[in-house]
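Have it open while you read, as the points go element by element.

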Amino acid sequence: MEEVKAEETTLRKTELKALQAQINPHFLYNTLDSISWMCEEGKTEEAVLMVNSLAKLFRISISRGQEIIPIEKEVQHAECYLKIQKFRYTNHFDYEFDVEESCNAYYCNKITLQPLIENALYHGLNMMDDGHIAIRIREDGDDIVMEVEDNGVGMSEEQIAELFVNDGTDNHGIGVKNVNDRIKIYFGDKYGITVRSELDEGTCVTVRIPKVTEERKYEK
């Protein structure tokens with residue numbers, strides 16, 4: 001029984017790493033293309049800031065092979081992604097972070113927020129003017145709750161259901177299904193993603209995970 005349990009744990013972590021390894025090459029190509037354009041136009045300061053954000057984003061993505069990282073690092077990763085997209089799509093959207101400071105030291109799956117933000121940008125806001133994305137993280141009893149909310153076009157019940165069927169890798173890299181799967185693989189079926197949306201009003205994606213500390217992360 002112990003051997004079977006060990007094999008199941010190994011399989012779970014192998015599957016988790018495979019899911020995390022799905023990186024969106026289009027984002028990298030488009031970002032490098034934007035940096036090249038900035039250099040050609042003499043916008044060197046903007047290009048340097050974009051390169052620095054890209055480097056930090058990938059450094060956190062790698063995270064020395066760690067499967068889960070501090071929420072503080074996850075927020076930094078999301079901020080780098082948004083800074084890059086803000087350079088690429090000037091004046092199309094704005095964003096805000098509302099993170100309870102007490103949450104920063106807890107751990108989450110790496111690359112949790114960025115795919116949800118990407119989904120909000122490309123499918124919710126559809127790069128419309130006056131788009132807004134709010135990222136909120138708070139404690140809720142023994143859990144941590146993360147929310148990514150946009151004021152975009154919204155989704156039908158059918159479209160919401162599709163998010164949990166299609167992993168999104170064909171179009172925009174890691175999708176909502178991927179993030180949800182990784183959370184459940186690591187923390188169990190009681191945790192994961194829920195989505196509420198109103199057509200023409202916007203969408204809120206909620207992530208629920210347990211409070212995991214530096215000590216507890218090694219128990220997984």
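Predicted model: local features only at pLDDT ≥ 70, side-chain atom pairs only at ≥ 80, totals over all residues.

1. The buried residues of α5 are Leu 113, Gln 114, Pro 115, Leu 116, Ile 117, Glu 118, Asn 119, Ala 120, Leu 121, Tyr 122, Gly 124 and Leu 125 (buried means under 20% relative accessible area with a 1.4 Å probe, protein chains only). That makes 12 of the 13 residues of α5, so the helix is largely enclosed by the rest of the structure.

2. Residues are numbered from 1 along each chain as its sequence is written, and side-chain values use heavy atoms, leaving out hydrogens and water. Helices (H or I, at least four residues) and strands (E, at least two) are DSSP runs, numbered from the N terminus.

3. Searching the whole structure turns up 2 cavities of 30 Å³ or more (a cavity is a set of points on a 1 Å grid over the protein atoms alone where a 1.4 Å probe fits but cannot get out; lining residues have an atom within 4 Å of a point). The second largest cavity has a volume of about 70 Å³, a volume being the space filled by probe spheres set on the points. Which element gives the most to its lining? α5 does, with 5 residues. The lining includes Leu 116, Asn 119, His 123, Val 148 and Thr 203, and it divides into 5 nonpolar, 5 polar and 1 charged. Here Asp, Glu, Lys and Arg count as charged, Ala, Val, Leu, Ile, Met, Phe, Trp, Tyr, Cys and Pro as nonpolar, and the others, Gly among them, as polar.

4. The second largest pocket (an open set with protein on both sides within 12 Å along at least five of seven lines) has a volume of about 290 Å³. Of its 13 lining residues, Arg 59, Ser 63, Arg 64, Ile 69 and Lys 73 are the closest to the centre. At least two lining residues each come from α3 (44-62), β1 (68-70) and α4 (71-88).

5. α3 and α4 also pack together, at an angle of about 145 degrees with axes 9 Å apart (axes are lines fitted to C-alpha atoms over the stretch in contact, and angles run from 0 to 180 degrees between N-to-C directions). The contact (heavy atoms within 4.5 Å) includes Leu 49 and Leu 57 of α3 and Tyr 81 and Phe 87 of α4.

Methods:
Buried < 20%, exposed > 50% of the residue type's maximum accessible area, 1.4 Å probe, protein only.
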